[in-house]
Amino acid sequence: MAIVVRLDVELAKRKMPVGEFAERVGLTPANVAVLKNGRAKAIRFSTLEAICKVLDCQPGDILEWVDD
């Protein structure tokens with residue numbers, strides 16, 4: 001079982017640069033890269049809420065469960 005982070009897809013849809021996104025969410029660009037590349041082991045609900053607010057989306061638009 002794997003959770004796939006689709007943050008790059010949502011950023012591309014909105015043509016939003018990573019730097020702008022990171023600033024608006026309150027993350028460093030390095031931490032955004034960790035999320036985008038699927039290397040994150042956890043995410044705080046407050047961070048997920050901020051991401052959804054900035055991108056005007058639902059958590060399911062960003063996170064997807066994929067059966068191995």
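Helices here are DSSP runs of at least four residues, numbered from the N terminus, and aspartate 56 sits in the loop between two of them, H4 and helix H5, which covers 59–62. Hi everyone, and thanks for coming. One thing before we go on: what you see above is a predicted model.

Let's stay with aspartate 56 for a moment. Its phi is near 50 degrees, a positive value in a residue other than glycine. Is this residue buried or exposed? Aspartate 56 is exposed, because its relative accessible area is 68% and the cut-off for exposed is over 50%.

There is another residue to look at with the backbone in mind. Lysine 15 isn't a glycine, yet it has a positive phi of about 50 degrees. You'll find lysine 15 in the loop between H1 and H2. With a relative accessible area of 75%, lysine 15 is exposed.

Now move along to methionine 16, which also has its place in the loop between H1 and H2. Methionine 16 counts as buried, because its relative accessibility is 12% and buried means under 20%. What does methionine 16 touch, once we leave aside its neighbours within four places in sequence? The contacts are Leu11, Phe21, Arg24, Val54 and Leu55.

The largest nonpolar core has 16 residues. Those with the most contacts inside it are Leu7, Leu11, Met16, Phe21, Ile51, Leu55 and Ile62. At least two residues of this core come from each of H1, helix H2 (18–25), helix H3 (29–36) and helix H4 (45–55). Which element gives the largest share? That would be H4, with five residues.

Let me pick out isoleucine 62 from that list. Setting aside neighbours within four places in sequence, isoleucine 62 is in contact with Val4, Val5, Arg6, Leu7, Glu10, Ile51, Cys52, Leu55 and Cys57.

Glutamate 10 is buried, because its relative accessible area is 5% and the limit for buried is under 20%. Not counting residues up to four places away in sequence, glutamate 10 touches Leu55, Asp61 and Ile62. Its side chain also makes a polar contact, at 3.4 Å, with the side chain of lysine 13.

Valine 25 is in helix H2 and is buried, with a relative accessible area of 13%. Beyond its neighbours within four places in sequence, valine 25 is in contact with Thr47, Ala50, Ile51 and Val54. The C-alpha atoms of valine 25 and valine 54 are separated by 6.7 Å, although the two residues are 29 residues apart along the chain. Threonine 47, one of those contacts, is in helix H4. At 17% relative accessibility, threonine 47 counts as buried. Residues up to four places away aside, threonine 47 touches Val25 and Leu27.

Let's turn to the chain ends. Glutamate 64 has its place in strand E2, residues 63–66, and counts as partly exposed at 29% relative accessibility. With arginine 6, the two side chains are joined by a polar contact of 2.4 Å. The C-alpha atoms of glutamate 64 and arginine 6 lie 7.4 Å apart, with the residues 58 residues apart along the chain.

The largest pocket holds about 210 Å³. Of the 13 residues that line it, the closest to its centre are Ile3, Val5, Ala40, Ile43 and Leu63. Strand E1 (2–5) and H4 are the elements that give two or more residues to this lining.

Finally, the record. UniProt, in an unreviewed entry, lists residues 13–62 as "domain: HTH cro/C1-type". Over residues 13–62, the chain in this model is 66% helix and 0% strand, and the end C-alpha atoms are 12 Å apart. That's my tour, and I'm happy to go back to any residue you'd like to look at.

Terms used: Residues numbered from 1 in each chain as written. Predicted model: local features only at pLDDT ≥ 70, side-chain atom pairs only at ≥ 80, totals over all residues. Heavy atoms only, no water. Buried < 20%, exposed > 50% of the residue type's maximum accessible area, 1.4 Å probe, protein only. Polar contact = N/O pair within 3.5 Å; in protein donor to acceptor, adjacent residues only side chain to side chain. Contact = heavy atoms within 4.5 Å. UniProt positions renumbered as here; feature names shortened; annotations may be inferred. Core = buried A, V, L, I, M, F, W, Y, C linked by side-chain atoms within 4.5 Å. 1 Å grid on protein atoms, 1.4 Å probe; cavity = no way out; pocket = protein on both sides within 12 Å on 5 of 7 lines; lining within 4 Å. Points joined across faces, edges and corners; volume = space filled by probe spheres on them.
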